[in-house]
Amino acid sequence: MVHESPNSKPLLIFTFMAESTKKICLVTVLLFLSISRVFHNVTATAVVEDDIRCLHGLKDSLTDRNGNLNSWNFLNYSMGFICKFAGVDCWNDRENRVISLALPGMDLCGELPDALKYCSSLQTLDLSGNRFIGPIPLEICNWMPFLVTLDLSNNSFSGSIPAELGNCTYLNKLMLNNNKLSGNIPPEISSLTRLKVLSLANNNLSGIIPLFSGLSNFEFGGNRYLCGGPLAKCG
């Protein structure tokens, strides 16, 4: 006959509680990992859907007389399908995440739509040589905060140059030449430390050119009432 020691029951209880705690911790960790994976997948899907929504909204807002955007077919939702669209480059071919949108010289007509806010990962936006009209949206840098190149040249954009362009802190190249922009050059643009190439030529700009440092290539000519900097002295 085996006799239990007085301390054996507390030891058994402690061992049982320890094993139970381990199991609870393991279940908690597995549950956390499962929830994290689901959250990651949902977030990634939302990002992908945003880029599709961006291009869909852009196409719907424009007049494309020459059918240059006919390849933009949204009926086939396959992996990386928008990466095959004309003028679209993605981060990689396995996901619908746009890094560059280059549509120069396509005779596209319209205003910049707020659908661009869904292309939040965009680094290059080139819409030069088209027939875009209206103002440059004040929110453009909030929509696409990682822009490195913004080329809206050779269009018919009007109104003032938004001071909010100073929020595009990664901007290296800004081309707004040959439009119908008016007013002063906002000093906020001169605070863009990464800006190397700037063209504001052939608009209706006026006032004094702010002090820019670090520009390697710049154009301000063709603005009748603009002065200072590389142009004639003011007054």
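# Disulfides, strands and loops: worked exercises

Cysteine 54 and cysteine 119 form a disulfide, with 2.1 Å between their sulfur atoms. The model is predicted: local features need pLDDT of at least 70, side-chain atom pairs count only at pLDDT 80 or more, and totals for chains, interfaces and linings use all residues. Residues are numbered from 1 along each chain as its sequence is written, and side-chain values use heavy atoms, with hydrogens and water left out.

## Exercise 1

Find how many disulfides the structure holds, then describe the link of cysteine 54 and cysteine 119.

Solution. 

- Step 1. A disulfide here is a pair of cysteine sulfur atoms within 2.5 Å. In general, such a link is a covalent bond between the sulfur atoms of two cysteines.
- Step 2. Count. The structure holds 3 disulfides.
- Step 3. Read the torsion. About the S-S bond of cysteine 54 and cysteine 119 it is about -105°, so this disulfide is left-handed.
- Step 4. Cysteine 54 lies in helix α1 (residues 8-61) and cysteine 119 in the loop between β4 and β5, so the pair ties together parts 65 residues apart in sequence. Helices (H or I, at least four residues) and strands (E, at least two) are DSSP runs, numbered from the N terminus.
- Step 5. Check burial. Buried means under 20% relative accessible area, exposed over 50%, and partly exposed in between (1.4 Å probe, protein chains only). Cysteine 54 is buried at 0%. Cysteine 119 is buried, also at 0%.

## Exercise 2

Describe the link between cysteine 141 and cysteine 168.

Solution. 

- Step 1. Take the distance. The sulfur atoms of cysteine 141 and cysteine 168 are 1.9 Å apart.
- Step 2. Cysteine 141 is in helix α2 and cysteine 168 in the loop between β8 and β9 (173-175), so parts 27 residues apart in sequence are tied together.
- Step 3. Read the torsion. It is -105° about the S-S bond of cysteine 141 and cysteine 168, a left-handed link.
- Step 4. Check burial. Cysteine 141 is buried, at 3% relative accessible area. Cysteine 168 is buried, at 0%.

## Exercise 3

Which residues does isoleucine 140 contact, leaving aside its neighbours within four places in sequence?

Solution. 

- Step 1. Locate the residue. Isoleucine 140 is in helix α2 (residues 140-143).
- Step 2. Check burial. Isoleucine 140 counts as buried, at 1% relative accessibility.
- Step 3. List the partners. Contact means heavy atoms within 4.5 Å. With those neighbours set aside, isoleucine 140 touches Leu112, Leu150 and Leu165.
- Step 4. Follow one partner. Leucine 165 is 25 residues from isoleucine 140 in sequence, and their C-alpha atoms are 7.5 Å apart.

## Exercise 4

In which sense, parallel or antiparallel, does β3 pair with β2, and in which with β5?

Solution. 

- Step 1. Two strands pair if DSSP finds at least two bridges between them.
- Step 2. Take β2 (residues 88-90). It pairs with β3 in the antiparallel sense, over 3 bridges. Cysteine 90 has valine 98 in β3 as its bridge partner.
- Step 3. Return to cysteine 90. A disulfide joins it to cysteine 83.
- Step 4. Take β5 (residues 124-126). It pairs with β3 in the parallel sense, over 3 bridges. Leucine 101 stands opposite leucine 125 in β5.

## Exercise 5

Describe the phi and the place of aspartate 107.

Solution. 

- Step 1. Read phi. It is near 60° for aspartate 107, positive in a residue other than glycine.
- Step 2. Aspartate 107 is in the loop between β3 (98-102) and β4 (108-110).
- Step 3. Check burial. Aspartate 107 is buried, at 18%.
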